[in-house]
2 protein chains.
Amino acid sequence: MGSIAFWYDFASTYSYLSAMRIARLCEEAGVALQWRPFLLGPVFAAQGWTTSPFNIYPAKGRHMWRDMARLAHLNGLAPIRTEGDFPQHSVLAARVALIGLDEGWGEDFTRAAFAHEFAEAGRIDDAQALGAIVGSLGRDAAAALEAAIGDANKARLRRQTEEAQAAGIFGAPTFVTGDGELFWGDDRLEQAIAWAADRPGARIR
Amino acid sequence: MGSIAFWYDFASTYSYLSAMRIARLCEEAGVALQWRPFLLGPVFAAQGWTTSPFNIYPAKGRHMWRDMARLAHLNGLAPIRTEGDFPQHSVLAARVALIGLDEGWGEDFTRAAFAHEFAEAGRIDDAQALGAIVGSLGRDAAAALEAAIGDANKARLRRQTEEAQAAGIFGAPTFVTGDGELFWGDDRLEQAIAWAADRPGARIR
């Protein structure tokens, strides 16, 4: 059985698009899926960037928001609605997601947090907002947040981010198949799944 | 009838992928196609770059070459083969293309030059190489090259590049539909054509 690791950052618009359909696509293709939240910040810093390239390069940023609007429409998602600073600080959301993935609610949390952020103009950068999302899943928000900011979990997210950098990941979303093939960008998701499933013609040798 | 302007740079790997299938796709969709060669150099310089972002960010560059290998395979193109410096200087090729587009051989020249560059490890940055390509199309290479480097044609390419920048183009390939919708990247080509053709569900209002 083929597998894919889905590397995503909660601040990343294109990660949102992938998060909302990857589980369904992997299930249809019979591909095992690992959710790997990480932080783009240190990855971008290593490239000399202190914010999103969509802020550094305004023309690219304008295109990204229009592209997101079009793709949300094509993907059957609600219209993109955001408010306040972009990108949001995603470190706490990623820490909560790690706890959730251990406890079986990480996928639902990921989708709910992304939808809150990009379809409902919500914030995902503080404990109250994230606690409300965890609570909406019927989970104990206080316990999840406490575990999220524990030293062990903080260290785990750091290691996960270092692992992403060591794997050559330079943006999000990124998909890495079980046999080590790396695909960058939401527009490569279907291709990555075809590769992982070893569909006829999908791989080059 | 819908229309698309195809903005491309001869040094751009992803422009190659689009150039090899855009005419067929537009014909099938009943969309009029304009070929608009321009220069990324001034566009990149305005963003503070002195070379391709694929050279500035090595991890991104490694992914691009692997991505190109995969996409050439999926698109039924010959394996990617390049030699020497990347990106190549594309100014002379763009000048020749402008002459060719006036005279009815610009599309064939564009495809032949891209294939020479990315499938045959050939150079496209000097008069001899470009003359051989023009000659292979059964055209008068010396006349084409002379017209290409005439002052009027040089000024025309500069204006075309300024027009691209004024339109908010920041990379290549870029597709601009007749109603002004801008799509960046080879992975948006099919979407841009669907928009231009006004296929059901393709547009957001």
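**Exercise 1.** Where in chain B does B:A121 lie? Describe its backbone and its accessibility as well.

*Solution.* The model is predicted. Step 1: B:A121 lies in the loop between helix 7 and helix 8 of chain B. Step 2: phi of B:A121 is near 55 degrees, a positive value in a residue other than glycine. Step 3: most residues other than glycine have a negative phi. Step 4: B:A121 has 14% relative accessibility, and buried means under 20%, so B:A121 counts as buried.

**Exercise 2.** Find which residues of helix 7 of chain B are buried, and state what they pack against.

*Solution.* Step 1: helix 7 of chain B covers residues 106-118 and has 13 residues. Step 2: its span from first C-alpha to last is 18 Å, close to the 18 Å expected at 1.5 Å a residue. Step 3: the buried residues of helix 7 of chain B include B:F109, B:A113, B:F114 and B:F118. Step 4: the partners of the buried residues in chain B include strand 1 (3-8), strand 2 (32-37) and helix 5 (58-74).

**Exercise 3.** Describe how helix 2 and helix 11 of chain A are packed.

*Solution.* Step 1: the axes of helix 2 (residues 22-29) and helix 11 (residues 189-196) of chain A come within 10 Å and cross at roughly 30 degrees. Step 2: angles under 35 degrees count as roughly parallel, so helix 2 of chain A is roughly parallel to helix 11 of chain A. Step 3: the crossing of these two helices of chain A is right-handed. Step 4: A:I22, A:L25, A:C26 and A:A29 of helix 2 meet A:L189, A:E190 and A:I193 of helix 11. Step 5: by class, this contact has six nonpolar, no polar and one charged residues.

Notes
Residues are numbered from 1 along each chain as its sequence is written. Chains are lettered from A and ligands numbered from 1 in the order in which they are written. This is a predicted model: local features need pLDDT of at least 70, side-chain atom pairs count only at pLDDT 80 or more; totals for chains, interfaces and linings use all residues. Side-chain values use heavy atoms; hydrogens and water are left out. Axes are lines fitted to C-alpha atoms, for helices over the stretch in contact, and angles run from 0 to 180 degrees between N-to-C directions. Helices (H or I, at least four residues) and strands (E, at least two) are DSSP runs, numbered from the N terminus. Angles under 35 degrees count as roughly parallel, over 145 as roughly antiparallel, 65 to 115 as roughly perpendicular and the rest as oblique. A crossing is left-handed if the near helix is turned anticlockwise from the far one by less than a right angle, and right-handed if clockwise. Contact means heavy atoms within 4.5 Å. Ala, Val, Leu, Ile, Met, Phe, Trp, Tyr, Cys and Pro count as nonpolar, Asp, Glu, Lys and Arg as charged, and the others, Gly among them, as polar. The expected span of a helix is 1.5 Å times one less than its number of residues. Buried means under 20% relative accessible area, exposed over 50%, partly exposed in between (1.4 Å probe, protein chains only).
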